[in-house]
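Here is a brief report on selected parts of one chain fold.

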Amino acid sequence: MNENNLCQIENFACVLCRRTDDYPEKYGEKKIYQDHNLTIHYYCLLMSSGIWQRGEEKDGVYGFLIEDIKKEVNRASKLKCCICKKNGASIGCVASKCKRSYHFPCGVQKQCIFQFTGNFESFCWDHRPVQNTPSSHCTVSSQCTICLEYVEHLPTYSILGSPCCKNAWFHRDCLQVQALSAGKFFFKCPLCNNSDKFQSEMLRMGIHIPEKDASWELEENAYQELLQHYQHCDVRRCRCKQGREYNEPDSKWEIKRCQYCGSRGTHLACSSIRTWRQNWECFECRSIIYNSDDFKRPKKRSLPNSENIGITDCLLEQPSPKFSRQSPRTQKKDLLREINTLKRDVSNILRELGFQIKQKTRKLYINKDSIWNSAIKGFRKRNFNPSDTIEVQFCNGNGDADGSKHEFLSLLMKHLESSSLFEGSMSKNISFNSEALKENLYYEAGRMIAISLVHGGPPPFLFSKTLFHCLISGPENVEPTLEDVEDSNTMQIITKIKSSKNLTHLRSAIRDYFEYLSHIGCLRLVTMLSDKDVLVKDILTYHVIKRVQAPLDSFQQGLRTLGVLETMQKYPEAFYSILCHKPERLTTKILSDLFTIHKLSEAQDTRTMGFWMNYLQNVESGESVVTLEDILAFATGCRSIPPVGFQPTPSIEFLHADYPVGTKCCNRLTLPITCTYKEFQENMDFAIRNALGLEREKTYYNGC
């Protein structure tokens, strides 16, 4: 490398710290002035001890004159950095009697504090300011509300507490990135929105808050979408052949928006309204209005001449004109009855949530042998969006293969059922796993369940009644039962206290478990035998709810993905049926109705169809080594029918081949055309057993 290249590289190194790094978030903007042979980091210049802004903002480098910068460089060249032992240490600790000098990047590495306010003072690692917090907060942890990772309530250089919210803790790096993005006018406490007190403390602790507008305010056309009108027909049965998004002004296919929320719409022809002048309300807004105390029936309402359409035919329909003959009380009761009926239809609820899914696809590379870890890796990628359409590609030792989204989600929910994040043999509650809490796995579990439900996958079928009601009504409104206790030691303590026959036995039991009761905060003075019921209730509440409060909060946060938790709280009866109960057992009728038959034209196909129906009946009666669930999994990747059904619809084709083929990515089952039913049954059993890895004994071929 010649001397010219070396000089060129040196020209792009900061004249103060001698580093070539271009890291604006950490060292400030890197300014290059080739006319003056000068390159400098803004923070290195700003924090230097021997220079001041003597010019206007447009002069030199943001008010620092070029001749002053050269003088500061000359001064710093005589000072040695106490960290890297190299010359050019332009920054000194302002503490009295402290002689330490260092470069700005070295100070950041050594966790020095630089105050970007006032006199722009710097403090070394021994004299830096600290936050004063009660010692009681140092034993717990909570989520950083910026990155949602867990932080200990321990004030350190990398962890800062909010001065206005005592339970709010953040990573320093998260706060710095947010401050650079929000600027002085929008940087505030993420919890309470306090600005003055929060900014003052963050400046004291070395967070740089630039005096600029927020980055999102500077983007061109940043709020352009707010100027777009909602154009989508949301009724259950849209009659427009051009599609739900078709809008033709001044015609029956013009889209009318809800007069209250504006976020739902209908074609004029798809509802009972006939002109643009009539107002229209969506189903959600109408239910709120009808349930409000201020609801009054309109004095007049025009009646359409067309055929009446009931609320069950159209979710977002105007009330039937027949309602005008009823009293307001009867009309309200009938509407509420219809609403309650719709609330129990979980498939419709999930389909409405599915409207959020965009056409943009996101491919996940999944290893079946490590389904959990590969799913976590895919979901945590920066470019992953839960509302994107998911495509799956399985990556195993045998090479890559296009996968089924249903199979992936089914395997993921099956893993969750046996995961250490939950405890219980049948119905499960949240367990406490400190390592999983630190790694934010409870949040990921909640997010996975939400994604599976909205994207057409199966539910986990694992929630206990207590866990479900904690999610719906809040932990403070739930009373756990003995069925929720999985730990044998805790069950032994509760049983001994509950079985006490008199006050003496009760006090003896309390003495035996004094240390445990004191540790969990349930130690109480008992004066009568009935106090044991209160004590048992306190123990249950601690063990099932309070002990796992942090994991439960994280799990709830994950369930909020795509609005699932809010929808669960709105329609609890519907979600209870799929989250707290195993799916309906498959039957021959259910499975035969599920599949659509294609290419049924030849006599051979008709005969194979008969073999198929006989095979299903034999499997249901237990005369086969496989089950109906195995057949469904072979064709679709799911062992149960998802609440929203399959997309595309499962189909059956016929082929001159030895064995059946299950194409899970398109839910297609190809049946072999054979001469005898015995051959058909043997080939079906063999293929399904091998594909699913079934290891059960083949005991039904008596003498075959």
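Helix H26 (residues 628-636) lies across S20 and S21, and runs at about 60 degrees to S20. Contact here means heavy atoms within 4.5 Å. Axes are lines fitted to C-alpha atoms, for helices over the stretch in contact, and angles run from 0 to 180 degrees between N-to-C directions. Helices (H or I, at least four residues) and strands (E, at least two) are DSSP runs, numbered from the N terminus.

The model is predicted: local features need pLDDT of at least 70, side-chain atom pairs count only at pLDDT 80 or more, and totals for chains, interfaces and linings use all residues. Residues are numbered from 1 along each chain as its sequence is written, and side-chain values use heavy atoms, with hydrogens and water left out.

**The sheet**

S20 and S21 belong to an open sheet of four strands, in the order S18-S19-S21-S20 with mixed pairing. Strand S18 (596-597) and strand S20 (661-663) are the edge strands, each pairing on one side only. Two strands pair if DSSP finds at least two bridges between them. Strands of a sheet pair through backbone hydrogen bonds, either parallel or antiparallel.

S21 (residues 668-672) has partners of both kinds. With S20 the sense is antiparallel, over three bridges. With strand S19 (residues 651-655) it is parallel, over five bridges. Some residues that face S21 are listed here.

| Residue | Opposite residue in S21 |
|---|---|
| Val661 | Thr670 |
| Ser651 | Arg668 |

The hairpin of S20 and S21 has four residues between the strands, and Asn667 takes a positive phi near 55 degrees there.

Why is S21 largely enclosed by the rest of the structure? Four of its five residues are buried. Buried means under 20% relative accessible area, exposed over 50%, and partly exposed in between (1.4 Å probe, protein chains only).

**A covered helix**

Helix H11 (residues 346-353) is mostly covered, with six of its eight residues buried. Among them are Val346, Ile349 and Leu353.

**A surface patch**

Phe185, Phe186 and Trp216 form a nonpolar patch on the surface, with about 310 Å² of accessible area together. Patch residues have over 30% relative accessible area and no salt bridge, and nonpolar side chains (Val, Leu, Ile, Met, Phe, Trp, Tyr) are joined within 5 Å, like charges within 9 Å. A salt bridge is a side-chain nitrogen of Lys or Arg within 4 Å of a carboxyl oxygen of Asp or Glu. Phe186 sits in the loop between helix H6 (172-182) and helix H7 (196-204). Its relative accessible area is 31%, so Phe186 is partly exposed.

Key: Accessible areas come from the Shrake-Rupley method with a 1.4 Å probe; for residues, only the protein chains shown count as cover.
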